[in-house]
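Have the sequence and the 3D view at hand as you read.

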Amino acid sequence: MTQTSKPAGKRLFVKSYGCQMNVYDAERMADALAPEGFAGTADVADADVVVLNTCHIREKAAEKVYSELGRLRVLKGERAARGLETTIVVAGCVAQAEGAEIQRRMPAVDLVVGPQNYHRLPALLERSRNGPVVDTEFPLEDKFDHLPAPSREAMRARGVSAFVTVQEGCDKFCAFCVVPYTRGAEVSRPVARVLADVERLAGAGIREITLIGQNVNAYHGEGPGGGDWTLARLMSRVAEVPGIARIRYTTSHPLDMDDALIALHRDLPQAMPYLHLPVQSGSDAILKAMNRKHDAASYLTIVEKVRAARPDIALSSDFIVGFPGETDADFEATMALVEAVGFAAAFSFKYSQRPGTPAADARDQVPEPVKAERLARLQERLEQQRQAFNAASLGKVMPVLIEREGRHPGQLVGKSPYLQGVHFDATGTGLRIGDIADVEIVALSTNSMTGRLVGSRASAA
Ligand code: SAH
Ligand code: SF4
Ligand code: F3S
(Lines give C-alpha, C1' and ligand atoms only; values in the text may rest on other atoms or scores of the structure.)
(Ligands and ions follow the chains in the order given, each with its own letter.)
Protein backbone atom coordinates (compact mmCIF):
# COMPACT_ATOMS: atom_id res chain seq x y z
CA MET A 1 0.00 0.00 0.00
CA THR A 2 1.41 3.41 -0.92
CA GLN A 3 1.44 6.01 1.77
CA THR A 4 0.97 9.68 0.97
CA SER A 5 1.81 12.40 3.48
CA LYS A 6 -1.77 13.67 3.43
CA PRO A 7 -4.13 10.69 3.51
CA ALA A 8 -7.73 11.71 2.89
CA GLY A 9 -10.88 10.55 4.62
CA LYS A 10 -9.34 9.27 7.84
CA ARG A 11 -11.37 9.16 11.05
CA LEU A 12 -10.20 10.28 14.47
CA PHE A 13 -11.75 9.39 17.84
CA VAL A 14 -10.47 11.09 21.00
CA LYS A 15 -11.65 10.18 24.48
CA SER A 16 -10.59 12.54 27.27
CA TYR A 17 -10.37 11.91 30.99
CA GLY A 18 -9.43 14.31 33.79
CA CYS A 19 -9.41 18.07 33.76
CA GLN A 20 -10.41 20.86 31.39
CA MET A 21 -6.86 21.08 30.15
CA ASN A 22 -7.36 17.65 28.59
CA VAL A 23 -10.63 18.74 27.00
CA TYR A 24 -8.81 21.69 25.48
CA ASP A 25 -5.85 19.54 24.38
CA ALA A 26 -8.22 17.08 22.70
CA GLU A 27 -9.49 19.90 20.51
CA ARG A 28 -5.92 20.91 19.71
CA MET A 29 -5.12 17.30 18.68
CA ALA A 30 -8.08 17.36 16.31
CA ASP A 31 -6.83 20.71 14.96
CA ALA A 32 -3.32 19.30 14.47
CA LEU A 33 -4.67 16.36 12.46
CA ALA A 34 -7.36 18.17 10.44
CA PRO A 35 -4.86 19.34 7.76
CA GLU A 36 -3.78 15.69 7.40
CA GLY A 37 -7.28 14.76 6.24
CA PHE A 38 -8.65 13.58 9.60
CA ALA A 39 -12.27 14.21 10.53
CA GLY A 40 -13.70 13.46 13.96
CA THR A 41 -16.04 10.53 14.56
CA ALA A 42 -18.20 9.79 17.59
CA ASP A 43 -18.09 6.05 16.86
CA VAL A 44 -14.90 4.41 18.06
CA ALA A 45 -15.46 1.36 15.83
CA ASP A 46 -15.26 3.69 12.85
CA ALA A 47 -11.93 5.30 13.82
CA ASP A 48 -8.61 4.81 12.05
CA VAL A 49 -6.87 6.57 14.93
CA VAL A 50 -8.11 6.22 18.53
CA VAL A 51 -6.61 8.54 21.15
CA LEU A 52 -7.06 8.00 24.87
CA ASN A 53 -6.28 11.35 26.46
CA THR A 54 -5.54 10.17 29.97
CA CYS A 55 -5.43 11.45 33.55
CA HIS A 56 -2.99 10.32 36.23
CA ILE A 57 -4.35 12.29 39.19
CA ARG A 58 -5.78 9.36 41.15
CA GLU A 59 -5.18 5.62 40.91
CA LYS A 60 -8.70 4.93 39.63
CA ALA A 61 -8.30 7.40 36.77
CA ALA A 62 -5.01 5.84 35.71
CA GLU A 63 -6.25 2.24 35.94
CA LYS A 64 -9.31 3.06 33.81
CA VAL A 65 -6.93 3.51 30.90
CA TYR A 66 -5.89 -0.13 30.97
CA SER A 67 -9.42 -1.51 30.96
CA GLU A 68 -10.22 0.81 28.06
CA LEU A 69 -7.09 -0.37 26.24
CA GLY A 70 -8.22 -3.97 26.71
CA ARG A 71 -11.43 -3.15 24.84
CA LEU A 72 -9.53 -1.28 22.14
CA ARG A 73 -7.23 -4.25 21.55
CA VAL A 74 -10.29 -6.37 20.77
CA LEU A 75 -11.66 -3.67 18.49
CA LYS A 76 -8.33 -3.40 16.69
CA GLY A 77 -8.44 -7.18 16.04
CA GLU A 78 -11.99 -7.02 14.70
CA ARG A 79 -11.15 -4.14 12.38
CA ALA A 80 -7.99 -5.94 11.17
CA ALA A 81 -10.19 -8.92 10.23
CA ARG A 82 -12.08 -6.51 7.97
CA GLY A 83 -8.80 -5.28 6.45
CA LEU A 84 -8.80 -2.00 8.40
CA GLU A 85 -5.80 -0.56 10.23
CA THR A 86 -6.27 1.01 13.64
CA THR A 87 -3.68 3.14 15.38
CA ILE A 88 -4.01 3.26 19.17
CA VAL A 89 -2.56 6.35 20.82
CA VAL A 90 -2.18 7.01 24.56
CA ALA A 91 -1.82 10.73 25.27
CA GLY A 92 -2.17 12.88 28.39
CA CYS A 93 -0.76 12.52 31.87
CA VAL A 94 -0.58 8.69 32.11
CA ALA A 95 1.44 8.78 28.88
CA GLN A 96 3.81 11.29 30.45
CA ALA A 97 4.07 9.41 33.75
CA GLU A 98 4.38 5.83 32.48
CA GLY A 99 5.86 6.23 28.98
CA ALA A 100 7.14 2.98 27.46
CA GLU A 101 5.69 0.96 30.39
CA ILE A 102 2.28 1.36 28.73
CA GLN A 103 3.42 -0.48 25.63
CA ARG A 104 5.01 -3.19 27.75
CA ARG A 105 1.66 -3.79 29.46
CA MET A 106 -0.37 -3.26 26.30
CA PRO A 107 1.54 -4.09 23.10
CA ALA A 108 -1.48 -3.07 20.99
CA VAL A 109 -0.59 0.56 21.71
CA ASP A 110 1.16 2.14 18.73
CA LEU A 111 2.04 5.57 20.11
CA VAL A 112 2.54 7.08 23.56
CA VAL A 113 2.66 10.88 23.48
CA GLY A 114 3.03 13.30 26.40
CA PRO A 115 1.04 16.55 26.74
CA GLN A 116 3.86 18.78 25.47
CA ASN A 117 4.20 17.07 22.09
CA TYR A 118 0.78 17.22 20.44
CA HIS A 119 2.05 19.51 17.69
CA ARG A 120 4.22 16.59 16.56
CA LEU A 121 1.24 14.20 16.23
CA PRO A 122 1.21 13.98 12.42
CA ALA A 123 4.91 13.04 12.29
CA LEU A 124 4.60 10.68 15.26
CA LEU A 125 1.65 8.85 13.69
CA GLU A 126 3.64 8.45 10.52
CA ARG A 127 6.60 7.01 12.46
CA SER A 128 4.37 4.63 14.41
CA ARG A 129 3.55 2.80 11.17
CA ASN A 130 7.04 1.25 11.46
CA GLY A 131 6.82 0.19 15.10
CA PRO A 132 5.95 1.47 18.57
CA VAL A 133 6.81 5.10 19.31
CA VAL A 134 7.12 6.94 22.65
CA ASP A 135 7.52 10.72 22.91
CA THR A 136 7.44 12.12 26.44
CA GLU A 137 10.09 14.81 26.07
CA PHE A 138 9.62 18.34 27.29
CA PRO A 139 10.63 20.16 24.11
CA LEU A 140 12.00 23.69 24.23
CA GLU A 141 9.50 24.99 21.68
CA ASP A 142 5.95 25.94 22.70
CA LYS A 143 3.51 23.32 21.43
CA PHE A 144 0.83 25.96 20.93
CA ASP A 145 2.99 27.88 18.44
CA HIS A 146 3.04 24.92 16.13
CA LEU A 147 -0.58 23.89 16.17
CA PRO A 148 -2.68 24.84 13.16
CA ALA A 149 -5.66 27.13 13.84
CA PRO A 150 -9.05 25.44 13.66
CA SER A 151 -11.56 26.44 11.00
CA ARG A 152 -14.42 28.81 11.88
CA GLU A 153 -16.85 25.93 11.50
CA ALA A 154 -14.83 23.65 13.79
CA MET A 155 -14.70 26.36 16.46
CA ARG A 156 -18.42 27.09 16.31
CA ALA A 157 -19.36 23.40 16.22
CA ARG A 158 -17.76 23.15 19.68
CA GLY A 159 -20.31 25.59 21.10
CA VAL A 160 -20.54 29.24 22.17
CA SER A 161 -18.28 28.74 25.15
CA ALA A 162 -14.58 27.92 24.72
CA PHE A 163 -11.52 27.12 26.81
CA VAL A 164 -8.27 28.91 26.11
CA THR A 165 -5.10 27.66 27.81
CA VAL A 166 -3.09 30.59 29.15
CA GLN A 167 -0.79 28.75 31.53
CA GLU A 168 0.33 25.16 31.82
CA GLY A 169 2.32 23.20 34.39
CA CYS A 170 2.84 23.74 38.09
CA ASP A 171 5.69 24.71 40.41
CA LYS A 172 3.73 24.29 43.65
CA PHE A 173 4.50 20.63 44.37
CA CYS A 174 1.66 19.80 46.73
CA ALA A 175 2.79 16.60 48.46
CA PHE A 176 -0.07 14.50 46.99
CA CYS A 177 -0.05 15.67 43.39
CA VAL A 178 1.40 14.34 40.13
CA VAL A 179 0.72 17.43 38.01
CA PRO A 180 4.15 19.09 38.44
CA TYR A 181 5.67 15.88 37.07
CA THR A 182 3.19 15.17 34.27
CA ARG A 183 2.75 18.74 33.01
CA GLY A 184 6.16 20.11 33.91
CA ALA A 185 7.16 23.56 35.12
CA GLU A 186 4.76 26.50 35.04
CA VAL A 187 4.77 28.26 31.66
CA SER A 188 2.55 31.21 30.68
CA ARG A 189 1.64 31.91 27.07
CA PRO A 190 2.39 35.43 25.79
CA VAL A 191 -0.52 37.88 25.85
CA ALA A 192 -0.49 38.36 22.06
CA ARG A 193 -1.00 34.63 21.44
CA VAL A 194 -3.85 34.38 23.92
CA LEU A 195 -5.51 37.42 22.36
CA ALA A 196 -5.12 36.03 18.85
CA ASP A 197 -6.94 32.87 19.99
CA VAL A 198 -9.70 34.85 21.71
CA GLU A 199 -10.19 37.13 18.70
CA ARG A 200 -10.44 34.16 16.38
CA LEU A 201 -12.98 32.49 18.66
CA ALA A 202 -15.01 35.70 19.04
CA GLY A 203 -15.00 36.07 15.24
CA ALA A 204 -16.60 32.63 14.98
CA GLY A 205 -19.37 33.64 17.39
CA ILE A 206 -18.00 32.35 20.69
CA ARG A 207 -19.43 34.43 23.57
CA GLU A 208 -17.82 32.94 26.67
CA ILE A 209 -14.11 32.34 27.28
CA THR A 210 -12.73 30.28 30.15
CA LEU A 211 -9.04 30.97 30.63
CA ILE A 212 -7.48 27.75 31.89
CA GLY A 213 -4.27 26.77 33.61
CA GLN A 214 -3.21 24.39 36.38
CA ASN A 215 -2.51 27.56 38.37
CA VAL A 216 -4.25 30.10 36.21
CA ASN A 217 -3.99 32.99 38.66
CA ALA A 218 -0.19 32.61 38.69
CA TYR A 219 -0.34 33.75 35.05
CA HIS A 220 2.59 36.00 34.14
CA GLY A 221 2.66 36.04 30.34
CA GLU A 222 4.82 38.41 28.35
CA GLY A 223 2.92 41.56 27.39
CA PRO A 224 3.00 43.10 23.90
CA GLY A 225 5.39 45.89 24.98
CA GLY A 226 7.59 43.59 27.10
CA GLY A 227 7.08 43.05 30.83
CA ASP A 228 4.78 40.44 32.31
CA TRP A 229 1.02 40.77 32.59
CA THR A 230 -1.04 39.40 35.47
CA LEU A 231 -4.23 37.41 34.99
CA ALA A 232 -6.26 40.47 36.04
CA ARG A 233 -4.68 42.58 33.30
CA LEU A 234 -5.15 39.82 30.74
CA MET A 235 -8.83 39.43 31.65
CA SER A 236 -9.44 43.17 31.30
CA ARG A 237 -7.91 43.06 27.83
CA VAL A 238 -9.88 39.94 26.82
CA ALA A 239 -13.04 41.78 27.88
CA GLU A 240 -12.32 44.39 25.18
CA VAL A 241 -12.57 41.81 22.39
CA PRO A 242 -15.90 42.51 20.66
CA GLY A 243 -18.45 39.77 21.23
CA ILE A 244 -16.95 38.34 24.44
CA ALA A 245 -19.75 38.60 27.00
CA ARG A 246 -18.47 36.29 29.71
CA ILE A 247 -15.04 35.49 31.11
CA ARG A 248 -14.19 32.73 33.57
CA TYR A 249 -10.88 31.35 34.80
CA THR A 250 -9.84 28.09 36.42
CA THR A 251 -8.08 26.64 38.41
CA SER A 252 -6.82 29.15 40.95
CA HIS A 253 -4.52 28.64 43.90
CA PRO A 254 -5.22 30.59 47.13
CA LEU A 255 -1.61 31.87 47.24
CA ASP A 256 -2.01 33.70 43.93
CA MET A 257 -5.42 35.27 44.60
CA ASP A 258 -4.20 38.89 44.46
CA ASP A 259 -6.20 42.04 45.17
CA ALA A 260 -6.33 43.14 41.51
CA LEU A 261 -7.98 39.86 40.53
CA ILE A 262 -10.43 40.13 43.42
CA ALA A 263 -11.27 43.74 42.42
CA LEU A 264 -12.03 42.57 38.89
CA HIS A 265 -15.01 40.63 40.20
CA ARG A 266 -16.43 44.00 41.24
CA ASP A 267 -15.28 46.12 38.29
CA LEU A 268 -15.39 43.98 35.17
CA PRO A 269 -18.95 43.19 34.03
CA GLN A 270 -17.76 40.23 31.94
CA ALA A 271 -16.07 38.55 34.94
CA MET A 272 -18.56 35.91 36.04
CA PRO A 273 -19.48 35.82 39.74
CA TYR A 274 -18.04 32.36 40.22
CA LEU A 275 -14.73 31.28 41.73
CA HIS A 276 -13.31 27.77 41.89
CA LEU A 277 -10.70 27.94 44.65
CA PRO A 278 -9.45 24.55 45.86
CA VAL A 279 -8.67 24.41 49.60
CA GLN A 280 -8.11 20.62 50.00
CA SER A 281 -8.41 20.64 53.81
CA GLY A 282 -9.53 22.84 56.71
CA SER A 283 -6.79 21.62 59.07
CA ASP A 284 -3.62 23.71 59.31
CA ALA A 285 -1.53 20.66 60.23
CA ILE A 286 -2.73 18.81 57.13
CA LEU A 287 -2.38 21.86 54.88
CA LYS A 288 1.21 22.16 56.06
CA ALA A 289 1.88 18.45 55.45
CA MET A 290 0.31 18.87 52.00
CA ASN A 291 2.78 21.69 51.28
CA ARG A 292 -0.12 23.95 50.34
CA LYS A 293 1.62 27.07 51.73
CA HIS A 294 -1.65 28.57 53.03
CA ASP A 295 -3.67 27.93 56.16
CA ALA A 296 -7.41 27.77 56.80
CA ALA A 297 -7.56 31.34 58.12
CA SER A 298 -5.88 32.82 55.03
CA TYR A 299 -8.34 30.91 52.84
CA LEU A 300 -11.26 32.34 54.81
CA THR A 301 -9.77 35.84 54.50
CA ILE A 302 -9.68 35.48 50.71
CA VAL A 303 -13.30 34.33 50.72
CA GLU A 304 -14.23 37.37 52.80
CA LYS A 305 -12.42 39.75 50.45
CA VAL A 306 -13.96 38.16 47.35
CA ARG A 307 -17.43 38.40 48.86
CA ALA A 308 -16.85 42.01 49.84
CA ALA A 309 -15.95 42.79 46.22
CA ARG A 310 -18.83 40.75 44.76
CA PRO A 311 -21.46 39.78 47.34
CA ASP A 312 -23.33 37.46 44.96
CA ILE A 313 -20.24 35.41 44.03
CA ALA A 314 -20.53 31.62 44.14
CA LEU A 315 -17.63 29.60 45.47
CA SER A 316 -16.56 26.10 44.63
CA SER A 317 -13.63 24.03 45.82
CA ASP A 318 -11.72 20.75 45.83
CA PHE A 319 -11.21 18.60 48.93
CA ILE A 320 -9.07 15.59 49.78
CA VAL A 321 -9.99 13.40 52.76
CA GLY A 322 -7.69 10.85 54.34
CA PHE A 323 -4.40 12.51 53.53
CA PRO A 324 -1.63 10.69 55.52
CA GLY A 325 -1.83 11.59 59.21
CA GLU A 326 -5.35 13.08 59.00
CA THR A 327 -6.99 12.64 62.42
CA ASP A 328 -10.68 12.90 63.29
CA ALA A 329 -9.97 16.40 64.58
CA ASP A 330 -8.30 17.38 61.29
CA PHE A 331 -11.33 16.12 59.39
CA GLU A 332 -13.67 18.06 61.70
CA ALA A 333 -11.66 21.17 60.82
CA THR A 334 -12.47 20.53 57.15
CA MET A 335 -16.17 20.18 58.00
CA ALA A 336 -15.96 23.45 59.96
CA LEU A 337 -14.41 25.25 56.99
CA VAL A 338 -17.19 23.96 54.73
CA GLU A 339 -19.69 25.29 57.26
CA ALA A 340 -17.95 28.66 57.42
CA VAL A 341 -17.85 29.19 53.65
CA GLY A 342 -20.97 27.63 52.18
CA PHE A 343 -20.07 26.28 48.73
CA ALA A 344 -22.22 26.35 45.61
CA ALA A 345 -20.42 23.31 44.24
CA ALA A 346 -17.43 21.14 45.07
CA PHE A 347 -15.32 18.15 44.12
CA SER A 348 -14.10 15.86 46.87
CA PHE A 349 -11.87 12.83 46.78
CA LYS A 350 -10.32 10.14 48.92
CA TYR A 351 -6.56 10.60 49.06
CA SER A 352 -4.89 8.36 46.50
CA GLN A 353 -1.22 7.36 46.80
CA ARG A 354 0.55 8.43 43.62
CA PRO A 355 3.93 6.97 42.70
CA GLY A 356 6.75 9.49 42.85
CA THR A 357 4.94 12.02 45.08
CA PRO A 358 6.28 12.72 48.62
CA ALA A 359 3.06 11.76 50.46
CA ALA A 360 2.92 8.34 48.83
CA ASP A 361 5.75 7.15 51.08
CA ALA A 362 4.30 8.49 54.35
CA ARG A 363 3.88 5.74 56.93
CA ASP A 364 0.71 7.10 58.56
CA GLN A 365 -1.66 6.28 55.68
CA VAL A 366 -5.35 6.47 56.64
CA PRO A 367 -7.26 3.16 56.40
CA GLU A 368 -9.66 2.87 53.48
CA PRO A 369 -12.88 2.51 55.57
CA VAL A 370 -12.03 5.72 57.46
CA LYS A 371 -11.49 7.56 54.20
CA ALA A 372 -14.79 6.23 52.85
CA GLU A 373 -16.70 7.31 55.94
CA ARG A 374 -15.21 10.80 55.92
CA LEU A 375 -15.85 11.25 52.21
CA ALA A 376 -19.49 10.23 52.60
CA ARG A 377 -20.00 12.75 55.40
CA LEU A 378 -18.27 15.54 53.54
CA GLN A 379 -20.13 14.87 50.31
CA GLU A 380 -23.47 14.77 52.05
CA ARG A 381 -22.88 18.23 53.52
CA LEU A 382 -21.52 19.65 50.25
CA GLU A 383 -24.55 18.32 48.38
CA GLN A 384 -26.87 20.00 50.90
CA GLN A 385 -25.02 23.27 50.32
CA ARG A 386 -25.27 22.87 46.55
CA GLN A 387 -29.00 22.30 46.78
CA ALA A 388 -29.43 25.25 49.12
CA PHE A 389 -27.54 27.45 46.68
CA ASN A 390 -29.76 26.32 43.80
CA ALA A 391 -32.91 26.72 45.88
CA ALA A 392 -31.93 30.34 46.53
CA SER A 393 -32.08 30.90 42.75
CA LEU A 394 -35.85 30.29 42.71
CA GLY A 395 -37.70 33.48 41.79
CA LYS A 396 -34.51 35.27 40.70
CA VAL A 397 -34.01 36.70 37.22
CA MET A 398 -30.68 35.67 35.72
CA PRO A 399 -28.92 36.30 32.42
CA VAL A 400 -28.74 32.96 30.61
CA LEU A 401 -26.22 32.35 27.83
CA ILE A 402 -28.06 30.20 25.30
CA GLU A 403 -25.98 27.15 24.33
CA ARG A 404 -28.31 24.83 22.46
CA GLU A 405 -31.84 23.85 21.55
CA GLY A 406 -33.80 21.82 24.09
CA ARG A 407 -35.65 18.54 23.69
CA HIS A 408 -39.04 20.23 23.21
CA PRO A 409 -39.97 22.44 20.24
CA GLY A 410 -39.21 26.12 20.95
CA GLN A 411 -37.17 25.25 24.02
CA LEU A 412 -33.68 26.68 24.53
CA VAL A 413 -31.03 25.61 27.04
CA GLY A 414 -28.22 27.67 28.48
CA LYS A 415 -26.15 28.54 31.52
CA SER A 416 -26.67 30.98 34.36
CA PRO A 417 -23.66 33.00 35.61
CA TYR A 418 -23.29 30.25 38.24
CA LEU A 419 -22.91 27.46 35.64
CA GLN A 420 -26.41 26.16 36.39
CA GLY A 421 -28.21 24.62 33.41
CA VAL A 422 -31.44 26.51 32.64
CA HIS A 423 -34.09 25.60 30.06
CA PHE A 424 -36.98 27.80 28.98
CA ASP A 425 -39.56 28.23 26.26
CA ALA A 426 -38.55 30.80 23.62
CA THR A 427 -41.27 30.13 21.03
CA GLY A 428 -41.69 33.08 18.66
CA THR A 429 -38.97 35.23 20.27
CA GLY A 430 -36.29 34.88 17.59
CA LEU A 431 -33.70 34.18 20.30
CA ARG A 432 -30.76 32.17 19.03
CA ILE A 433 -27.81 30.18 20.32
CA GLY A 434 -25.20 32.66 21.60
CA ASP A 435 -27.78 35.22 22.75
CA ILE A 436 -28.16 36.14 26.39
CA ALA A 437 -31.69 36.17 27.75
CA ASP A 438 -33.06 37.34 31.08
CA VAL A 439 -34.84 34.38 32.59
CA GLU A 440 -36.76 34.04 35.84
CA ILE A 441 -36.09 30.73 37.60
CA VAL A 442 -39.49 29.12 38.28
CA ALA A 443 -38.69 25.47 39.11
CA LEU A 444 -35.76 23.28 40.16
CA SER A 445 -34.83 19.68 39.48
CA THR A 446 -31.72 17.78 40.57
CA ASN A 447 -29.45 18.94 37.78
CA SER A 448 -31.25 21.71 35.96
CA MET A 449 -33.60 24.64 36.39
CA THR A 450 -36.72 25.70 34.54
CA GLY A 451 -36.97 29.34 33.59
CA ARG A 452 -39.50 31.84 32.21
CA LEU A 453 -38.28 34.39 29.71
CA VAL A 454 -38.56 38.00 30.89
CA GLY A 455 -36.34 39.78 28.36
CA SER A 456 -33.27 39.41 26.19
CA ARG A 457 -30.00 41.15 25.63
CA ALA A 458 -27.54 40.41 22.89
CA SER A 459 -24.26 41.58 24.32
CA ALA A 460 -24.24 42.29 28.06
CA ALA A 461 -23.50 39.52 30.51
N1 SAH B 1 -4.21 22.73 39.97
C2 SAH B 1 -5.41 22.54 40.61
C3 SAH B 1 -6.04 21.17 40.43
C4 SAH B 1 -5.19 19.97 40.54
S5 SAH B 1 -5.91 18.40 40.32
C6 SAH B 1 -5.24 22.93 42.05
O7 SAH B 1 -4.17 23.20 42.50
O8 SAH B 1 -6.20 23.00 42.74
C9 SAH B 1 -7.58 18.55 40.84
C10 SAH B 1 -7.85 18.04 42.20
O11 SAH B 1 -7.59 16.68 42.34
C12 SAH B 1 -7.04 18.70 43.29
O13 SAH B 1 -7.51 19.95 43.63
C14 SAH B 1 -7.18 17.70 44.41
O15 SAH B 1 -8.33 17.95 45.18
C16 SAH B 1 -7.37 16.38 43.68
N17 SAH B 1 -6.18 15.52 43.80
C18 SAH B 1 -4.94 15.76 43.33
N19 SAH B 1 -4.11 14.75 43.67
C20 SAH B 1 -4.83 13.86 44.39
C21 SAH B 1 -4.52 12.62 45.05
N22 SAH B 1 -3.30 12.11 45.05
N23 SAH B 1 -5.53 11.99 45.68
C24 SAH B 1 -6.78 12.51 45.72
N25 SAH B 1 -7.12 13.66 45.12
C26 SAH B 1 -6.15 14.35 44.47
FE1 SF4 C 1 -1.24 19.86 41.99
FE2 SF4 C 1 -0.89 21.56 43.97
FE3 SF4 C 1 -0.02 22.14 41.53
FE4 SF4 C 1 -2.63 22.09 42.02
S5 SF4 C 1 -1.14 23.51 42.94
S6 SF4 C 1 -1.59 21.19 40.27
S7 SF4 C 1 -2.80 20.45 43.49
S8 SF4 C 1 0.76 20.52 42.83
FE1 F3S D 1 -5.38 14.65 35.25
FE2 F3S D 1 -3.25 15.59 34.07
FE3 F3S D 1 -5.41 17.10 34.32
S4 F3S D 1 -3.27 14.27 35.81
S5 F3S D 1 -6.29 16.37 36.23
S6 F3S D 1 -5.27 15.27 33.14
S7 F3S D 1 -3.31 17.79 34.44
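## Loops, sheets and ligand shells

Threonine 251 lies in the loop between S11 and helix H10 (259–267). Helices (H or I, at least four residues) and strands (E, at least two) are DSSP runs, numbered from the N terminus. The peptide bond that leads from threonine 250 to threonine 251 is cis, with omega near 5°.

Before going on, a word on the model: it is predicted, so local features need pLDDT of at least 70 and side-chain atom pairs count only at pLDDT 80 or more, while totals for chains, interfaces and linings use all residues. Residues are numbered from 1 along each chain as its sequence is written, chains are lettered from A and ligands numbered from 1 in the order in which they are written, and side-chain values use heavy atoms, with hydrogens and water left out.

Back to S11, which belongs to an open sheet of 3 strands in the order S7-S10-S11, with parallel pairing. Two strands count as paired if DSSP finds at least two bridges between them. At the edges stand strand S7 (161–165) and strand S11 (246–250), each with a single partner strand, so one side of each is left without a neighbour in the sheet. Direction ignored, neighbouring strands here are turned by 25° against each other on average; axes are lines fitted to C-alpha atoms, for helices over the stretch in contact, and angles run from 0 to 180 degrees between N-to-C directions. Between S7 and strand S10 (residues 208–212) there are 5 bridges in the parallel sense, and threonine 165 has isoleucine 212 as its bridge partner in S10.

Another open sheet, also of 3 strands, has the order S12-S13-S14 and parallel pairing. Its edges are strand S12 (274–276) and S14, each with a single partner strand, so one side of each lacks a neighbour in the sheet. The twist averages 10° from one strand to the next. S13 and S14 run parallel and are joined by 6 bridges; valine 321 finds its bridge partner in S14 at lysine 350.

Which residues are closest to ligand 1? Of the 15 residues that surround ligand 1, the closest are Phe176, Gln214, Gln280, Asp318 and Ser352; a residue is near a molecule if one of its heavy atoms lies within 4 Å of it. Domain 2 (156–268) and domain 3 (273–390) both give residues to this shell, so ligand 1 lies between them. Those domain bounds come from an automatic or database domain assignment.

Three polar contacts (pairs of N or O atoms within 3.5 Å; within protein, one must be able to donate a hydrogen and the other to accept it, and residues adjacent in sequence count only if both atoms are side-chain atoms) are set out here.

| Residue | Residue atom | Ligand 1 atom | Distance |
|---|---|---|---|
| Phenylalanine 176 | backbone N or O | nitrogen | 3.0 Å |
| Glutamine 280 | polar side-chain atom | oxygen | 2.7 Å |
| Aspartate 318 | side-chain N or O | oxygen | 2.6 Å |

The protein covers 89% of the 540 Å² of accessible area that ligand 1 has on its own, with areas from the Shrake-Rupley method with a 1.4 Å probe; for residues, only the protein chains shown count as cover. The shell around ligand 1 divides into 6 nonpolar, 4 polar and 5 charged residues. Here Ala, Val, Leu, Ile, Met, Phe, Trp, Tyr, Cys and Pro count as nonpolar, Asp, Glu, Lys and Arg as charged, and the others, Gly among them, as polar.

Phenylalanine 173 has a positive phi of about 50° although it is not a glycine, and it is found in the loop between strand S8 (167–168) and helix H7 (179–182).
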